[in-house]
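Here is a friendly set of questions and answers to go with the model you are about to see. Have your viewer ready, and let's take it one site at a time.

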Amino acid sequence: MLSVALALTLIAAVAAQDPCATIGGQKWVTPAQLRACYSSFAVNENERSNIIEVVNKTLAFHTSTNYEFQAPSPYADTHEDIAADLARIGFQDYDSDYDLHIDISRALKRFNDGHCVWINLCYDSAFINYLPTPLVLVNGEEVHIASEAYDVASAEFADQLSAWEEAISSSVEGGLKALNGAKVLQINGADPFEAVNANALIAGGYQGFGTRQNGFFASYQRSTSTWTYLLGNFAQQSLPLSDSVELLVQLEGATETQSVVIPYFSRIGSSTVPFTDGASFRAGNCLADNDTNGANYYDQADTSRSSMAKVQQAPVTEGAHPVNVLLDSSPLTDVEPVSGFGVGEFYMLADNTTGVLALGSFSGAGYNDMMQGLLDGLVTLKSNGAERLIVDVTNNGGGYICVAHFLHRIIVGPKSTTVPQAGLNTTARDPVLARHIVQNIVDAPDTVDPSTVMLYNPLNWWDLDNAQFGPDVNWLEPPVEKVVNGRPDAFSQTLGTDCPPELSFPTDAPDSALFDGSQVAIVSNGRCGSSCSLFSITMAKLEGSTTVVVGGKSDVDQKYCGTVGGQSTVFTTIDSEIKTAGLKDDAAAPPDLIVNGVLGITWRLGYGIVDPTQPEEWQDRPANINLPLTLDLANNPAAIWDTVAKLF
């Protein structure tokens, strides 16, 4: 007995010295235990200076840094002096490396730009904080626990559900299931929208304040093989920010209110390397790995980037982490798809005149498969009698730019708005190092980039007259000098098409329109970004398509999409370009990251349709229709489509 007691004492002593040992090997832990682990790591000054230098030098390529210093109306709440904040962060005292990470992460999130974020995989989503009670916004004003909350929690958290049931057993008769549909009158003793708005201030990702509010609530997305339920930022956190929440609720059918305290629990992430203590956690999850930094493209076995992966515009996102729960209990299952290719599914509504394309991503399938699948599905809808089209892009984060061009083109046919391109004119930021990259390619194309895979290779770009640059053209010379928010800046000349059909479309587009653009409705919760924004903006502003935002606070302007950019990329790609050009020793080149991090940027800036002299990302995009949700409509795509079909 003494030996057992001694062993327990030793285990407790080790845990006290190393709180990561307490949670090592565990699937579920408390947020307090996780924070204790994270907070046990002191600031490593080499890592701090390395992160700041990489961020500073990579942001020289980010198009919007000076615009985001103070965005214009209607996005004036975006204002971030990142240079000043990084300078402050370089000298500020922090209790732990975890606190340092939060400060760096939130500084970039204040850009409200889903392309430009800092993710440290040592902390972000290594564990994910969950509640079993996702929320929905009803009638634009009332916050409710989702009617499907218990079903979702039972499916996704079956091994943890009993812990939540036990925690609320004394305060809610009937347990978690009784909370389905309950009206939430207060969150932590305050009006629910105090919590909604506080989250919107730190969530980042989208310029529109209403769109950031909407991220607090549960929603859905078409994924590669099924429908996915997103819990929202209230019920899901990528960091252990909250231990519990106190809700004042009114149960369905009740007249009185009651208070319930629900704990958060943290579940280990699917990509987290198992660990037993702080040292093994750091070694497995916090240090740079083979994917962190770039490499000379020609030092790798595969250089077939296929013309820059068809101008990929998938934003770097953090915090979405969809929970893979099928919406089997929703009326969606009553609507059988007539065609589909995974991330894109096609449906006919009961009116026999309205077709639906539910599209969860512009890159959720292979490039050629995406285009062929979109064409086949729309042709099938048309052959089934569809005269109108609903495109549901809820939570679509973007993908291939050229797929967005192609979808626009096949819907409305060949016309001045789709030929030679269905996109936007763009410019790249023009730092001196970027000019040197292009010049090195131009000076020795057969040596530096013989396969024409580099982002900066002039053969990958077309000028404003849609003429392809020659191999000897440094398209970044001379720089176009601008003053943005009182700060000097430099950009490339304006670029034209980036998706010439003969090079970018693997299948011929139809010779005529499949649908009139005015008979198309684009539906989302506003959380449509990047290439999704490109498609939505050009369809709305050029073709007269109707835009519908589902949900959202009734007195807040709802934007139908987020940051459009022109093209996004990541530090790893910029680093590869620098290394391939032989410029890693340049003083302006960022060093290799020594931590397990991801840094995204907007690499090309798209220019507006209404005002082509200014970036589109700062021009207004109000939805034509804001559809309030009921408990029956919330997270019920089929019911939403039927309702939208009556509105346009």
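Q: Which residues does Lys579 touch, not counting residues up to four places away in sequence?
A: In this predicted model, Lys579 sits in helix α20, which covers residues 571-580. Leaving out residues up to four places away in sequence, the residues touched by Lys579 are Asn293, Gly294, Ala295, Asn296, Lys584 and Asp592.

Q: The side chain of Lys579 makes a polar contact with that of which residue?
A: Lys579 belongs to helix α20, and Asp592 is among the residues that Lys579 touches. The side chains of these two are joined by a polar contact of 2.9 Å. The partner is therefore within the 3.5 Å cut-off for such a pair, and its name is Asp592.

Q: Is Asp113 buried or exposed?
A: Asp113 is placed in the loop between α6 (97-109) and β2 (118-120). Its relative accessibility is 1%. Buried means under 20%, so Asp113 counts as buried.

Q: With the side chain of which residue does the side chain of Asp113 make a polar contact?
A: Not counting residues up to four places away in sequence, Asp113 touches His62, Ser64, Glu68, Gly205, Thr563 and Thr602. One of these also has a side-chain to side-chain polar contact with Asp113, at 3.4 Å, and that residue is Thr602.

Q: How many Å apart in space are Asp113 and Glu617, C-alpha to C-alpha?
A: Along the sequence, 504 residues separate Asp113 and Glu617. In space, the C-alpha to C-alpha distance between them is 9.5 Å.

Q: What is the phi of Asn112?
A: Asn112 lies in the loop between α6 and β2 and, at 3% relative accessibility, counts as buried. Most residues other than glycine have a negative phi. Asn112 is not a glycine, yet its phi is positive, at about 50°.

Q: Where is Ser530 found?
A: Ser530 is a residue other than glycine with a positive phi, near 65°. At 2% relative accessibility, Ser530 counts as buried. Its place is the loop between β22 (520-524) and α19 (531-543).

Q: The backbone oxygen of which residue lies 3.1 Å from a polar atom of the Asn596 side chain?
A: Asn596 is in the loop between α20 and β25 (597-606), and at 10% relative accessibility Asn596 counts as buried. The residues that Asn596 touches include Ile119, Cys122, Asn285 and Thr292. Among them, the backbone oxygen at 3.1 Å belongs to Asn285.

Q: What is omega for the cis peptide bond that joins Val419 and Pro420?
A: Most peptide bonds are trans. Pro420 lies in the loop between α15 (401-412) and β19 (426-428). The bond joining Val419 to Pro420 is cis, with omega of about 10°.

Q: Which residue does a cis peptide bond join to Pro478?
A: Pro478 is found in the loop between α17 (445-448) and β20 (480-484). Omega is about -10° for this cis bond, and the residue joined to Pro478 is Glu477.

Q: What radius of gyration does the protein chain have?
A: The C-alpha atoms of the protein chain fill a box of roughly 80 × 65 × 45 Å along the principal axes. For 648 residues, a compact globule would have a radius of gyration near 26 Å. The chain agrees with that, at 25 Å.

Methods
Residues are numbered from 1 along each chain as its sequence is written. This is a predicted model: local features need pLDDT of at least 70, side-chain atom pairs count only at pLDDT 80 or more; totals for chains, interfaces and linings use all residues. Side-chain values use heavy atoms; hydrogens and water are left out. The radius of gyration is taken over C-alpha atoms; the globule rule is 2.2 Å times the number of residues to the power 0.38. Helices (H or I, at least four residues) and strands (E, at least two) are DSSP runs, numbered from the N terminus. A polar contact is a pair of N or O atoms within 3.5 Å; within protein, one must be able to donate a hydrogen and the other to accept it, and residues adjacent in sequence count only if both atoms are side-chain atoms. Contact means heavy atoms within 4.5 Å. Buried means under 20% relative accessible area, exposed over 50%, partly exposed in between (1.4 Å probe, protein chains only).
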